[in-house]
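Subject: Structure for you to look at

Hi,

Here is the structure I said I would pass on. Have a look at it first, and then read on for what I found.

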Amino acid sequence: MTAHALTYVYAVTQPTSALDAALPTLHGIGQELLRLLSSDDEGVPLAFVVADVPEADFNETALKNHFEDLEWLEYVARTHHGVVQAVATCAPVLPLRMATVYQDDHRARQALTVQHRAFSARLDLLRAHTEYGVKIYLTPSTAVAPDQTTGDSTQPTSPGKAYLRARKAQQHTRESVYQQAQLAARAVDALAAHLTTQRVRHAPQRGPLTTTQENVLNDAYLVPDEQAEEFRDAIAEVARRFPDLRIEVTGPWAPYSFATPPPETPDPAAPSHHSGTPTANREPP
């Protein structure tokens, strides 16, 4: 990396021997090797997981332009996620926002020291926990085709009446499926109350990158590691009870939805740029 480099921070962690062993094999954006920046605080040892990135690509002006480039965004997001997931297999991890960069290692270390207590407290809450997502979808089969009308087929029906009858049948079916989705969501919540410690309710997924199925529930749960298998089995049982819906579990993920960093305060260690989507509002890739 040239002298014109910024320090990109992927996550906060507590160093372990497993992470020390894995670090030389892990790469960040641009295939740069990862390294740890330790806090100057004498309390619980914490470190930023960092790597260099080119200043030309990550200064404020460049980021504004890049954030309109979907291909670049996907690459950075997936690389960021890959680093966080790799670290999570070796040590406790607190994911930070995508494109969190500092002018240099010194500024990054200052920021870690200033926020040491808050980061440490958050890591304690997340230790031995993993994030899982639960999504509920309405399937295309929940719609009634125009020729699937009800009534006496032996009686002649005008095209207008046939159309209205079909529309009524579709509406009735759709309302019924929405009711089923509400019942399924309540069943998931009831089970999760005993098997999880926190929940974040994300907005249902929309847009051209989603499936043709309508997403009506998009929740994230923080699950103790020793209850993860029971949690997955419980959601699978709910899915069997509601065959007209698609209910899926995603994960395990690093705790993106539960890693909201502490509020930033003006200080000399403030990052040069802090762009991207907050991890607390972001679905893992």
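What does the chain average in pLDDT, and what share of the residues score at least 70? The average is 82, and 75% of the residues reach at least 70. Strand β3 (residues 47–54) has the highest confidence, with a mean of 96, while strand β10 (residues 273–274) has the lowest, at 46. Two stretches need some care. Residues 143–151 have a pLDDT below 50, and beyond near neighbours in sequence this stretch makes twelve contacts in the model. The pLDDT is also below 50 over residues 261–283, where the model shows 67 contacts beyond near neighbours in sequence. Where pLDDT is low, the predicted coordinates should not be read in detail.

Now the overall picture. The chain has eight helices and ten strands. Of its 285 residues, 42% are buried. Among contacts with a separation of 6 or more, 79% are between residues 24 or more positions apart.

On to the cores. The largest nonpolar core has 30 residues, and Tyr 8, Tyr 10, Ile 29, Leu 34, Val 53, Phe 58 and Val 76 have the most contacts inside it. At least two residues of this core come from each of β1 (5–13), α1 (17–22), β3 and α4. The most come from α4, which gives seven. Another core, of 23 residues, lies apart from it and includes Val 134, Leu 138, Ala 187 and Leu 245. As background, nonpolar side chains in soluble globular proteins tend to be buried together.

You will find Leu 245 in strand β9. Is Leu 245 buried or exposed? Its relative accessible area is 8%, so Leu 245 counts as buried. Leaving out residues up to four places away in sequence, Leu 245 touches Ile 136, Tyr 137, Leu 138, Thr 139, Val 177, Gln 180, Ala 181 and Ala 184. One of these, Thr 139, is 106 residues from Leu 245 in sequence, yet the C-alpha atoms of the two are 6.1 Å apart.

Ser 39 sits in the loop between β2 (35–38) and β3. With a relative accessible area of 14%, which is under 20%, Ser 39 is therefore buried too. Beyond residues up to four places away in sequence, Ser 39 touches Leu 46, Leu 112, Thr 113 and His 116. From Leu 125 to Leu 222 the C-alpha distance is 10.0 Å, across 97 residues of sequence.

Last, the second largest pocket. It holds about 310 Å³ of space. The lining has 17 residues, and Ala 88, Ala 91, Val 93, His 129 and Thr 130 are the closest to the centre of the pocket. Which elements each supply at least two residues of this lining? They are α4 (70–88), α6 (116–126), β6 (129–138) and β9 (245–253). By class, the lining has eleven nonpolar, four polar and two charged residues.

That is what I have for now. Tell me what you think once you have had a look.

Best wishes

Methods:
Residues numbered from 1 in each chain as written. Predicted model: local features only at pLDDT ≥ 70, side-chain atom pairs only at ≥ 80, totals over all residues. Heavy atoms only, no water. 1 Å grid on protein atoms, 1.4 Å probe; cavity = no way out; pocket = protein on both sides within 12 Å on 5 of 7 lines; lining within 4 Å. Points joined across faces, edges and corners; volume = space filled by probe spheres on them. Helix = DSSP H or I, 4+ residues; strand = E, 2+ residues; numbered from the N terminus. Nonpolar A, V, L, I, M, F, W, Y, C, P; charged D, E, K, R; others polar. pLDDT = per-residue confidence, 0-100. Contact = heavy atoms within 4.5 Å. Buried < 20%, exposed > 50% of the residue type's maximum accessible area, 1.4 Å probe, protein only. Core = buried A, V, L, I, M, F, W, Y, C linked by side-chain atoms within 4.5 Å.
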